[in-house]
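Please look over the sequence and structure before reading on.

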Amino acid sequence: MFSFKKMTAVLAAGALALSLGACSSGQTSSDGKKEEGKGYPQKAISIIAPSGAGGGWDLTARSLTKVLSETKLVEQPLTVENKPGGGGAVFMAEYATQHVENNEMLFVSSPPIIINNLKKEGNSPYGYKNTTPLAQLTKDFGAIVVKADSKFTDLKSVLEEVKKDPTKLTFAGGSAPGSMDHLISILPAYKYGVDPTKVKYVSYDGGGEAITALLGGNADVIGTDVSSVKEFLKAGKVRVLAVTSSDRLGGDFADVPTAIEQGVDAEFTIWRGLFGPEKMSKDAKDFWVKTLDKLVASPEWQKEVETQGWEMEYKNSDDFKKFLEDQETQVTQLLEALGMQK
């Protein structure tokens with residue numbers, strides 16, 4: 001017969017199983033405590049743009065939060081915060097030390113998270129290895145640009161001039177020496193056999209000022225990103241000699257050859273991506289991996305990317321991390337050639 005003692009044991013075992021199931025489904029919050037029966041996210045989420053308003057990081061963060069909210073892929077409130085300083089280095093110092101387990105704070109970044117961590121001057125001890133890379137969302141490329149009436153009509157004509165006398169031409173960009181515009185400016189020369197330390201580079205406060213210097217005759221060539229120069233190309237004010245993509249771009253850049261086409265192995269991707277804290281919980285990471293998969297497949301996101309003039313290139317967390325490792329190798333080589341690696 002089924003005894004009362006046996007029935008009591010069965011009931012106790014069932015209660016234990018239910019209790020363990022509830023514990024396993026509990027979500028670890030940013031303060032390390034279990035929230036029984038709840039899944040991530042349960043709190044408002046901040047997306048940080050480590051820059052002022054209006055730049056590429058800010059626009060990416062705002063577009064991302066807008067579409068995630070509109071599509072209801074994230075039901076919790078999403079806010080964008082701007083935390084400028086040091087090309088992202090100030091925020092990274094705070095994030096890597098004070099928010100190492102904060103699942104409710106994510107941020108957007110691009111190649112400076114690698115460059116700032118590697119260069120000697122003004123370097124940051126923190127980089128992408130102090131984060132959880134979640135996804136690459138968009139891509140842009142470098143552009144080598146001259147005035148529309150410049151005597152230079154192709155990339156090699158510039159490089160031949162620089163090879164004869166590296167100080168004859170002034171290259172300019174909207175970022176400090178050793179930063180992204182500088183690397184884009186000297187990459188073709190470096191690949192062409194020119195000592196990049198001999199190339200004259202002048203930094204301006206932002207890509208807009210660098211273009212103004214070019215149009216005003218204070219610079220001969222600028223290195224910038226494709227999206228920043230698009231309107232000037234359409235207006236007939238500049239000539240783009242080369243882009244650093246592997247294949248030709250479409251639209252207004254359809255007639256612009258790549259550096260590779262011109263025999264110069266200068267390829268560089270300016271990506272923008274989303275990152276979480278270094279010790280992000282498994283539940284939080286899994287949520288974002290699945291959510292971002294859905295985001296990039298949505299017509300709302302595809303329309304937003306087109307509206308902003310970006311090119312969509314999605315890499316999931318694993319592929320993104322591998323790509324960052326590869327770009328780190330490339331940046332290291334360029335900084336070593338410039339004598340700027342820490």
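**Pockets, cavities and a helix pair**

The model is a predicted one. The points below take the pockets, then the cavities, then the helix contact.

**Largest pocket**

- The volume of the largest pocket is about 1,100 Å³.
- Several elements each give two or more residues to the lining of this largest pocket: the helices α2 (56–70), α4, α6 (180–191) and α8 (226–234), and the strands β9 (221–225) and β11 (269–277).
- By class, the lining of the largest pocket has 21 polar, 12 nonpolar and seven charged residues.

**Second largest pocket**

- The second largest pocket has about 230 Å³ of volume.
- Its lining is made of 14 residues, and V226, K230, F253, G309 and E311 are the ones nearest the centre of the second largest pocket.
- At least two lining residues of the second largest pocket come from β6 (131–147), and at least two come from α8.
- Helix α8 also gives two or more residues to the lining of the largest pocket.
- The lining of the second largest pocket divides into five charged, five nonpolar and four polar residues.

**Cavities**

- Three cavities of 30 Å³ or more turn up when the whole structure is searched.
- The largest cavity holds about 80 Å³ of space.
- There are 14 residues in the lining of the largest cavity, and G87, G88, M92, S109 and I113 are the closest to its centre.
- Two or more lining residues of the largest cavity come from each of α3 (89–98), β5 (105–109) and α4 (112–118).
- Helix α4 is also among the elements that give two or more residues to the lining of the largest pocket.
- No charged residue is found in the lining of the largest cavity, which has nine nonpolar and five polar residues.

**Helices α9 and α10**

- Helix α9 spans residues 282–297 and helix α10 spans residues 299–308; their axes come within 5 Å and cross at roughly 65 degrees.
- Angles of 65 to 115 degrees count as roughly perpendicular, so α9 is roughly perpendicular to α10.
- On the α9 side the contact involves L295, V296 and A297, and on the α10 side P299, W301 and Q302.
- Five nonpolar residues and one polar residue take part in this contact of α9 with α10, with no charged residues.

Note on methods: Residues are numbered from 1 along each chain as its sequence is written. This is a predicted model: local features need pLDDT of at least 70, side-chain atom pairs count only at pLDDT 80 or more; totals for chains, interfaces and linings use all residues. Side-chain values use heavy atoms; hydrogens and water are left out. Axes are lines fitted to C-alpha atoms, for helices over the stretch in contact, and angles run from 0 to 180 degrees between N-to-C directions. Helices (H or I, at least four residues) and strands (E, at least two) are DSSP runs, numbered from the N terminus. Angles under 35 degrees count as roughly parallel, over 145 as roughly antiparallel, 65 to 115 as roughly perpendicular and the rest as oblique. Contact means heavy atoms within 4.5 Å. Ala, Val, Leu, Ile, Met, Phe, Trp, Tyr, Cys and Pro count as nonpolar, Asp, Glu, Lys and Arg as charged, and the others, Gly among them, as polar. On a 1 Å grid over the protein atoms alone, a cavity is a set of points where a 1.4 Å probe fits but cannot get out, and a pocket is an open set with protein on both sides within 12 Å along at least five of seven lines; lining residues have an atom within 4 Å of a point. Grid points are joined across faces, edges and corners, and a volume is the space filled by probe spheres set on the points.
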